[in-house]
Amino acid sequence: MAGADGGQMLLGGMPRRLFSCTPSRLTTFDCPRRYRFTYIDRPTPPKGPPWAHNTVGSVAHLALHRWWDVPLRERTPAAAAGLVDRHWQTDGFRDPEQSERARQNVRTWVGRYAATLDPADEPRGVERTVGMRTERLAASGRVDRIDERDGALVIVDYKTGRRPTTDDDARSSLALALYAVGAQRTLRTPCTRVELHHLPSGEVSSWEHTPQSLERHVGRAEATADDIEAALDTVASGASPDQVFAPVTGSQCSWCDFRRHCPEGQRAAPGKTPWDALADAD
Ligand code: SF4
């Protein structure tokens with residue numbers, strides 16, 4: 001792993017501050033303009049309307065989080081589905097009918113998923129914050145679930161998107177890799193396996209990291225932190241933020257919360273309705 005608990009690194013005799021971040025902060029820099037809108041500009045530019053698929057994701061996550069708080073004898077698949085009802089929100093849906101159909105779908109996914117779990121097999125962590133430091137950065141994040149199997153930790157991340165995930169998604173995820181390193185350090189237990197649990201299909205994608213593959217992810221995170229700090233320094237020395245934090249366009253611009261402030265993004269990809277990413281958007 002790159003570096004140990006570093007605190008501050010000496011750079012030319014001057015202490016260099018650690019870059020504090022979450023995996024999400026780092027990946028947002030895939031488009032520097034989006035990073036600027038999200039983390040630098042204050043007040044934050046107004047975002048577009050809420051997305052229905054985000055509502056679906058957050059309710060499913062919350063239900064599966066709270067399920068572990070239910071007394072063991074009541075921790076049933078029906079209880080999991082009931083938690084969807086209790087925490088349901090209507091943000092982003094076209095109309096009450098669409099919201100109701102989505103609620104029924106999520107009840108089904110979450111209840112069916114809970115039926116695959118052993119309610120007595122308490123995870124090591126649920127919505128657990130883990131963290132790690134290198135000589136360059138301090139990263140932290142909340143993990144959906146951390147299982148312990150055969151003396152090792154497993155990172156479990158729930159997914160609710162339309163597209164089933166793949167093992168390659170699990171392998172290439174910076175967030176999952178940083179969670180694995182963070183869980184290993186925070187809970188002082190080995191952790192190399194990461195899993196994506198796709199609730200709509202019930203499929204699990206996974207990857208078994210090696211120390212080397214985790215180190216590559218950490219190196220990537222450090223390189224991104226360096227790029228962000230270099231961009232901030234360039235702006236501080238007088239360069240135009242518009243040029244330094246330039247847009248990187250692509251299909252993701254359809255779903256960007258800041259699209260309304262970004263002519264390049266509007267030209268690059270079509271706009272979407274807030275419910276277009278639902279499994280059944282009709
Ligand atoms: S619309 Fe696209 S280019 Fe513009 S900020 Fe968002 S992601 Fe970046």
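Hi everyone, let's start with a pair of helices: the axes of α3 (residues 52–67) and α4 (residues 77–87) come within 9 Å and cross at roughly 130 degrees. Before going on, this is a predicted model, where local features need pLDDT of at least 70 and side-chain atom pairs count only at pLDDT 80 or more, while totals for chains, interfaces and linings use all residues. Residues are numbered from 1 along each chain as its sequence is written, and side-chain values use heavy atoms, leaving out hydrogens and water.

A few words on terms. Helices here are DSSP runs of H or I with at least four residues, numbered from the N terminus. Axes are lines fitted to C-alpha atoms over the stretch in contact, and angles run from 0 to 180 degrees between N-to-C directions.

So how are α3 and α4 oriented to each other? They are oblique; angles under 35 degrees count as roughly parallel, over 145 as roughly antiparallel, 65 to 115 as roughly perpendicular, and the rest as oblique. The crossing of α3 past α4 is right-handed, meaning the near helix is turned clockwise from the far one by less than a right angle.

Which residues make this contact (heavy atoms within 4.5 Å)? From α3 we have Val-59, Leu-62, Ala-63, Arg-66 and Trp-67, and from α4 Ala-79, Ala-80, Leu-83, Val-84 and His-87. By class, that contact of α3 with α4 has eight nonpolar, one polar and one charged residues. Here Ala, Val, Leu, Ile, Met, Phe, Trp, Tyr, Cys and Pro count as nonpolar, Asp, Glu, Lys and Arg as charged, and the others, Gly among them, as polar.

Let's look at Arg-66, which lies in helix α3. Leaving aside neighbours within four places in sequence, Arg-66 is in contact with Leu-83 and His-87. Arg-66 is partly exposed, with a relative accessible area of 35% (buried is under 20%, exposed over 50%, partly exposed in between, with a 1.4 Å probe and protein chains only).

Now the second pair. Helix α7 (residues 174–187) packs against helix α8 (residues 211–236) at about 110 degrees, with axes 9 Å apart. That makes α7 roughly perpendicular to α8. The contact includes Leu-174 and Val-181 of α7, and Leu-214 and Arg-220 of α8.

Finally, the ligand. Among the residues surrounding the ligand are Cys-31, Cys-253, Cys-256 and Cys-262, where near means a heavy atom within 4 Å. The shell around the ligand divides into six nonpolar, two polar and two charged residues.

Definitions and conventions:
Helices (H or I, at least four residues) and strands (E, at least two) are DSSP runs, numbered from the N terminus. Contact means heavy atoms within 4.5 Å.
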